[in-house]
Amino acid sequence: MSIIKTLSQDAAKAAQALALVDAQTKNTILLDMARSLRDNSFEIRSANLIDLANAEKAGLSAAMMDRLTLNVERIEAMAQGIENIASLPDPIGEQRPLSTRPNGLNISKMRVPLGVVCMIYEARPNVTADAGALCFKSGNAVVLRGGKEALNTSKVIAAILQKVLKQYGLPAALIAVVPDPDRDLMMELMQQRDFIDVIIPRGGEGLINFVTENSKIPVIQHFKGVCHLYVDKDADLDKALALLLNGKTQRTGVCNALEGLLVHRDVAPQFLAMASTALAKHKVKINCCHETQQYFSDAQVLQEEEFGQEYLDLELAVRQVSDFDHAVDHIRRFGSNHTEVICTENELTAKRFQRTVDASVVMVNASSRFSDGGELGLGAEIGIATTKLHAYGPMGLESLTTEKYLVEGDGQIRA
């Protein structure tokens, strides 16, 4: 039997064992996992330094290097994320009544795990801890196939979590890592529909498309983040500038960073003058429309079809829009259903934006950087789904479950 089939089959068996573990025990195990990550911080960082050195030799971009890097603060954030997951209500077993039928049948629904989740991701070693903890709490086994860039770090993190599982008599296969990043093994992994219930790819556009086109298992797409800030004519411009700088410059290599700025023409002269000075201090490269070129030095004018890029760098697309509808039309055409932000003091305009814009997260007067499971109270996230089946937006515990019908009768038969 191949290593991939063995890994997948073992994960399916492990998921059955997890079904017998109560919520209190799961929370105790999660707290021990968080503690163990802290205790083994040196080992994690040592493995990460090897991955970083290899990535630098391979010429990885600055944004990808940032995603790959784990320091003491980020390891602490991983541990805190697991502790947050432990503190959340366990969704498994939750029941909600639906109806009592005229024949006396009582109908309800109960929340249950998906089964075995496969995560395919690139240079994000923190996903190993986040996905492992979220899947464990929600009653799922997880098979993790990370990119070669983060393989050493991911294997160490998984080994730490697996050691805790073994201490409680649970199979290590609940959090399994594909030990070889070979593309052929990934192809085989995507064929294991007898054992794996859903695949969640998380990474660049090429990876998402490859998995979607080749998988025989249902795929929940976590697509690129082309996020916009629309500065409305009724915006507080100081507030808008703060949202712009935080969204674009705080951390560029993440999917909830801003990639586009839309400015209502009534406030464009004043706001773009402010933005130009501030963005220049951060050395942000500007790509813009003809109308906004005058506000920036060394700006690159974009053709219409060139908008909608995910830069993942200190680079931004800027456009002046004639009105609200123009802004929404631009987002509809060039957005990626990830996160969209409006800055306005007009409550009616804000509500209209939230109703009209099709994105998994729609924000009013808040930074796009809050489009994150931990920041939205989910403890952590396994990713941000940009398709609508069956989850949309940051996927926390509930998104890793489904519901089954419960029917209770007293001997009724159908005529």
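The following conversation goes through some features of a predicted model.

Visitor: How many aromatic pairs are there in the whole structure?
Guide: A search of the whole structure finds four aromatic pairs. One of them joins Tyr230 and Phe353, whose rings are stacked, with 6.4 Å from centre to centre and 25° between the planes.

Visitor: Where do Tyr230 and Phe353 lie in the chain?
Guide: Tyr230 belongs to strand β7 (residues 227–231), while Phe353 belongs to helix α13 (residues 347–356). The two residues are 123 residues apart, and the pair links distant parts of the chain.

Visitor: Are Tyr230 and Phe353 buried or exposed?
Guide: Both Tyr230 and Phe353 are buried.

Visitor: And what kind of aromatic pair do Phe324 and Phe353 form?
Guide: Phe324 and Phe353 form an edge-to-face pair, with 6.3 Å between the centres and 80° between the planes. Phe324 is in helix α12 (residues 324–334) and Phe353 is in helix α13, so this pair ties together parts that are 29 residues apart in sequence.

Visitor: Why is Phe324 called buried?
Guide: Phe324 has a relative accessible area of 9%, and buried means under 20%. For Phe353, which is also buried, the value is 0%.

Visitor: Which residues form one aromatic cluster?
Guide: Tyr230, Phe324 and Phe353 form one aromatic cluster.

Visitor: Changing topic, which residue lies over the face of Phe210?
Guide: That residue is Arg183, at 4.3 Å from the ring centre.

Visitor: Now the strands. How many bridges join β1 to β2?
Guide: Five bridges join strand β1 (residues 95–100) to β2, and the two strands run antiparallel. Ser99, for example, has Ile107 in β2 as its bridge partner.

Visitor: What do β1 and β2 form?
Guide: They form a hairpin with five residues between the strands. Gly104, in the turn, has a positive phi of about 95°.

Visitor: How does β2 pair with β16?
Guide: β2 pairs with strand β16 (residues 401–408) in the antiparallel sense, over eight bridges. Within this pairing, Asn106 stands opposite Glu408 of β16.

Visitor: Why is β2 largely enclosed by the rest of the structure?
Guide: Strand β2 (residues 106–113) has eight residues, and six of them are buried, so the strand is largely enclosed.

Visitor: One last thing: which residues does the UniProt domain annotation cover?
Guide: An unreviewed UniProt entry carries the annotation "domain: Aldehyde dehydrogenase" for residues 8–285. In the model, that span is 51% helix and 17% strand, and its end C-alpha atoms lie 45 Å apart.

Definitions and conventions. Residues numbered from 1 in each chain as written. Predicted model: local features only at pLDDT ≥ 70, side-chain atom pairs only at ≥ 80, totals over all residues. Heavy atoms only, no water. Phe/Tyr/Trp six-rings, centres within 6.5 Å; stacked < 30°, edge-to-face > 60°. Helix = DSSP H or I, 4+ residues; strand = E, 2+ residues; numbered from the N terminus. Buried < 20%, exposed > 50% of the residue type's maximum accessible area, 1.4 Å probe, protein only. Lys NZ or Arg CZ within 6 Å of the ring centre and 35° of its normal. UniProt positions renumbered as here; feature names shortened; annotations may be inferred. Pairing = 2+ DSSP bridges.
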